[in-house]
Amino acid sequence: MAACISSLGCDQYYSSKNKFDNEVVKLPHKRYFDFSYEINDQLDNIHNNNNKRLKYIYDDHQYSFKKLDDLFKINTRIEFSNNILPCLKMVAASLYLPKENPTKPLGEDAHFIHELNQTIGVADGVGGWAKEGIDAGIYARELMNNSLIATDIEPSGHVNPKRVLQEAYKNTNFEGSSTACIITLNTERSTIFAANVGDSGFFLIRKGKNIYKSPMQQRGFNCPYQLGNCKDNPSVDQEMEIKVEKDDILIVGTDDTPFARAVERECLSQIHKGGKIDDITVIVAYIQ
């Protein structure tokens, strides 16, 4: 949603306040408008010239007004006629508990939270690389760092999780591999978009009930799809779009749990006993 206020002369206005040709004032990119003091100051200067009428352009509709008070009347009328509400916001926090391993004190999980662009992500380095003397946690951390960088250059409110994964994957050159799950809040559509590779994933909880669980990608038991030095790439990801509401809770994690139940389902209880010692990463996001 974009809007601008215009009359005649932007270049001339800044060189001489007595001329008002092609004056354009950008409004905040929001569903509702709160006029900052900079905009008010410019409008005050503009509307002091009583011979000029200003144009207010909103979603391809043009409105004309002469006084600043008239603009607020127009804006109020638009808000009520379109039933426009404030945008949703995702507030997130994380907890990471690496398993005890003196040789890998940072563990093999990684994650990021980009507050401005309302995007979060988790990655789980594949532990099987340890047999070859490779710390997959380094790959996972670099993948998430590059995901954060890629998110930063995405258009605010329109982050594409798959594009973020593709860019991060292209720029991560360490040995190892990792699962990955990137989720973003689209404020205009009131939805979350997600791109997931492997067995990391998320739950969406509404009014105390689990209303959505993301599917896992595995080739076999405990063998997830993964990015890195392997045959998978971001093209194998699963993409999801889910409607969200105020007070929804999003829980994002790096593994399938409880592990013992998955063992039972696969009839592998003779091989695996009990749970699995692993790193734990959880991001909890609250939709406001």
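Mentor: With pairing. Two strands pair if DSSP finds at least two bridges between them. Helices (H or I, at least four residues) and strands (E, at least two) are DSSP runs, numbered from the N terminus. In β14, Leu-227 is the bridge partner of Ser-178. β14 (residues 227-228) runs antiparallel to β8, joined by 2 bridges.

Trainee: What should I know about the model itself?

Mentor: This is a predicted model: local features need pLDDT of at least 70, side-chain atom pairs count only at pLDDT 80 or more, and totals for chains, interfaces and linings use all residues. Residues are numbered from 1 along each chain as its sequence is written, and side-chain values use heavy atoms, with hydrogens and water left out.

Trainee: In which sense do β7 and β8 pair, and over how many bridges?

Mentor: Antiparallel, over 7 bridges; β7 covers residues 119-125. Thr-119 stands opposite Thr-184 in β8. β8 also pairs with β9 (residues 191-197), antiparallel, over 7 bridges. There, Ile-183 faces Ala-194 in β9. β8 and β9 form a hairpin with 4 residues between them. In that turn, Ser-190 has a positive phi of about 55°.

Trainee: Which residues have the most contacts inside the largest nonpolar core?

Mentor: A nonpolar core is a set of buried Ala, Val, Leu, Ile, Met, Phe, Trp, Tyr and Cys residues joined through side-chain atoms within 4.5 Å. The largest has 19 residues, and those with the most contacts inside it are Ile-120, Ile-183, Ile-192, Phe-202, Leu-250 and Val-252. Strands β7, β8, β9, β10 (201-206), β15 (238-243), β16 (249-253) and β17 (280-287) each supply at least two residues of this core. Apart from it lies another core of 17 residues, including Ala-180 and Ile-182.

Trainee: What is Val-252 in contact with?

Mentor: Contact means heavy atoms within 4.5 Å. Leaving aside neighbours within four places in sequence, Val-252 touches Ile-120, Val-122, Ile-183, Gly-201, Phe-202, Thr-281, Val-282 and Ile-283.

Trainee: How many disulfides does the structure hold?

Mentor: The cut-off is a pair of cysteine sulfur atoms within 2.5 Å. The structure holds 0.

Key: Buried < 20%, exposed > 50% of the residue type's maximum accessible area, 1.4 Å probe, protein only.
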